[in-house]
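Hello,

Here is the structure I promised you. Please open it first, then read my notes below.

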Amino acid sequence: QSWGAGWTTRAPDSIVKIAYLSSAEIPSRSANSLQIMKMCEALALEGPTLTLFAPAGRERAAPPAIESAYGIRLNFELRRYRPAPLLGRRGLAPSGARRAALLAPRLVLTRGVDFALCAAWSGIPTLLELHQIPGGRLGRLYFEACLRSRRIRSSVISRRLEDLLRAEFGARVDGRILVAPD
């Protein structure tokens, strides 16, 4: 499927590098972190070289402990990062995107609208996976900026969510959203 100039879901014959930007610490007890780890494992099995960028947390587990905690095989690289001290959690998106850009991936995947914007501003095509309508004033502003970006496309987990986004943001979402159930 093609999403316009420079966008295709068909990978070239060469090795594809993908960066996944997460706001969830690894390891973590959040359901979000479990879904991210399972998705990274599945994507890496399909052939691309995948690197997960996740915030460094208090807990620093070795790969065997991570595999055991999540019930996965760690077949991708996990890189942890910290935001600038003065920014705290608000600095996660720019810090993660900056580190991902150094990898020079072909694509960035993320679930955060702020992470998608920062990756796109770094010049990397980005796929934003949405599970709900972005909330709050900043979430809405960030998503509107995502809709204006030529480097960002979105996937949603249901037709219903696509319909809700269309009702909220109008025709701007047309051709920019792929429905891909979990």
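H5 and E6 each supply at least two residues of the lining of the largest cavity. Helices here are DSSP runs of H or I with at least four residues, strands are runs of E with at least two, and both are numbered from the N terminus. The model is predicted: local features need pLDDT of at least 70, side-chain atom pairs count only at pLDDT 80 or more, and totals for chains, interfaces and linings use all residues. Residues are numbered from 1 along each chain as its sequence is written, and side-chain values use heavy atoms, with hydrogens and water left out.

The cavity lining consists of Phe143, Cys146, Leu147, Ile152, Arg153, Ser154 and Arg176. Four of these residues are nonpolar, one is polar and two are charged. (Ala, Val, Leu, Ile, Met, Phe, Trp, Tyr, Cys and Pro count as nonpolar; Asp, Glu, Lys and Arg as charged; the others, Gly among them, as polar.) The space inside is about 30 Å³. On a 1 Å grid over the protein atoms alone, a cavity is a set of points where a 1.4 Å probe fits but cannot get out; a pocket is an open set with protein on both sides within 12 Å along at least five of seven lines; lining residues have an atom within 4 Å of a point. Points are joined across faces, edges and corners, and a volume is the space filled by probe spheres set on them.

Now the second largest pocket. Its volume is about 450 Å³. It has 22 lining residues, and Gly112, Val113, Asp114, Gly139 and Tyr142 lie nearest its centre. H4 gives the largest share of that lining, five residues.

H4 also meets H5. Val113, Asp114, Ala116 and Leu117 in H4 touch Gly139, Tyr142, Phe143, Ala145 and Cys146 in H5 (contact means heavy atoms within 4.5 Å). Seven residues of this contact are nonpolar, one is polar and one is charged. The two axes come within 9 Å and cross at roughly 40°. (Axes are lines fitted to C-alpha atoms, for helices over the stretch in contact; angles run from 0 to 180 degrees between N-to-C directions.)

Last, the sheet. Seven strands form an open sheet, ordered E3-E2-E1-E4-E5-E6-E7, with parallel pairing. Strands pair if DSSP finds at least two bridges between them. E3 (77-81) and E7 (177-179) are at the edges with a single partner strand each, so one side of each has no neighbour in the sheet.

Best wishes
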